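Please walk through this model with the structure open beside the text.

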Amino acid sequence: MTTLCIVGGSLAGLSTARALRNQGYDGRLVLVGEEHHRPYDRPPLSKAFLAGKLDVADLSLECEDEDLGLDWRLGVRAIGLDSTSRAVLLDSGESVHADGLVIATGSTARTLAAGHGLDGLHVLRTLDDALSLRDDLTGRPSLVVVGGGFIGSEIASTARALGLEVTLVSGGREPLRAQLGSFASVVSDLHADHGVRVISDAMVNGFTGAGRVDGVVLDDGRRLQADRVVLGIGAVPNTDFLLGSDVEVDDGVVCGMNGSTSVPGVVAVGDCAAWFDPVVGHYSRVEHWTGARERAAIAATTLLSGGTAPLPRLRAPYFWSDLYDVRLQFAGHPELADSVTLESGSIDDRSFLAVYRREGVAVAALAMNHTKPFTAIRRTLVSGHEAATRSMQGASA
């Protein structure tokens, strides 16, 4: 291969570029990024950066002495792909022809049509989103956060620390219920302890305001006063440019457990990629920082080896979140569990470890301010490599 192209200039794209160089690729490497910014770290956007504790320079993912020899194409968007020739068409009118392609386009924050055109209605996905929201929160006494996932909970935590009056509308269920199951009540209590009003029994029906949002209307008729509103209702994978190509897409780019796609010489990684996980037996997107870092090296190996490399050691999904003075960590597949036990610590003290098991085998773990025990149990969780190896052994027996 003499030319490789990475479409996507965030963590997954940069990590794959590093992996390609570390694995010996010394040819031309083109990196296409829709944003004008160089690669930056996203997790702080809803926390330290939003709180004004970090500047833009502090978010950089590049090392000062790093030189990957990249052909940067920033501020341009991929709008099409000729999968036969692996030519990426850009909205600038140019096209990049490559021997191999990495799709790392990430995802876009979901919005609600009801609020279209209203000032003061924000999403938080990009650095520009964060800059706009940070400026807009200054001097604004009330904020309504729509969405009870990680982004919504982190924004609520940060805004409350800044002194705003915060209401969190979590879409008909407790915040983080989908991720934490029965332990989600711990997060609701944590919000309540810090003065955040949590509404988990209603959905958002619309917004009020003449040009600028001033309220949120719920489906039970209630109206919440709001000087600003942030939507944290999930994200959609950026795969539109693949329409009409031979790359299979279904809630993300469909990939094997090594990042390979339906087109030889094309791999995908990051939020836009739905990798097969043999532990649960289906394709899924891992929309977290650690997944992007770890899977980038696997995708690079797949691309350089033509897909002939041994099975990758695909670790169990892992994420963390900082809420108020609490570090929340989770790893594994809780949907597989038939039991959950509190292993150590105390829920009331906001410091504990819970382990999810299936037939006595640990499949997931949750910790709150309990990092050391969590790290130990995380190492024992079943991995995709182990599950795939057992499956292959069973098929050949």
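Keep in mind that this is a predicted model. Begin at strand 5, residues 87-90. Three bridges join strand 5 to strand 6, and the two run antiparallel.

Three strands make up an open sheet in the order 4-5-6. The pairing is antiparallel. Which strands stand at the edges? They are strand 4 (78-82) and strand 6 (95-97). Each has a single partner strand, so one side of each is left without a neighbour in the sheet. Neighbouring strands here are turned against each other by 20° on average, direction ignored.

Next come the aromatic rings. A pair of rings is described by two values, the distance of the centres and the angle of the planes. The structure holds nine aromatic pairs. One of them joins Phe 276 and Tyr 283. Their centres are 5.2 Å apart, with 65° between the planes. Planes over 60 degrees apart count as edge-to-face, so the pair Phe 276 and Tyr 283 is edge-to-face. Are these residues buried, partly exposed or exposed? Phe 276 has a relative accessible area of 26% and is partly exposed. Tyr 283, at 46%, also counts as partly exposed.

Trp 289 and Trp 320 form another pair. Their ring centres lie 5.9 Å apart and their planes stand at 75°, so this pair too is edge-to-face. Where in the chain do the two residues sit? Trp 289 belongs to helix 6 (residues 289-305), while Trp 320 belongs to strand 22 (residues 318-323). They are 31 residues apart, and the pair links distant parts of the chain. Trp 289 is partly exposed, with a relative accessible area of 27%. For Trp 320 the value is 23%, and this residue is partly exposed as well.

Phe 150, Phe 183, Phe 319, Phe 330, Phe 352 and Tyr 356 form one aromatic cluster.

Finish with charges over rings. Arg 38 lies over the face of Trp 72, at 4.0 Å from the ring centre. Then turn to Phe 49. The charged end of Arg 134 sits over the ring of Phe 49, 4.1 Å from its centre.

How values were computed: Residues numbered from 1 in each chain as written. Predicted model: local features only at pLDDT ≥ 70, side-chain atom pairs only at ≥ 80, totals over all residues. Heavy atoms only, no water. Pairing = 2+ DSSP bridges. Helix = DSSP H or I, 4+ residues; strand = E, 2+ residues; numbered from the N terminus. Axes fitted to C-alpha atoms, helices over the stretch in contact; angles between N-to-C directions. Phe/Tyr/Trp six-rings, centres within 6.5 Å; stacked < 30°, edge-to-face > 60°. Buried < 20%, exposed > 50% of the residue type's maximum accessible area, 1.4 Å probe, protein only. Lys NZ or Arg CZ within 6 Å of the ring centre and 35° of its normal.
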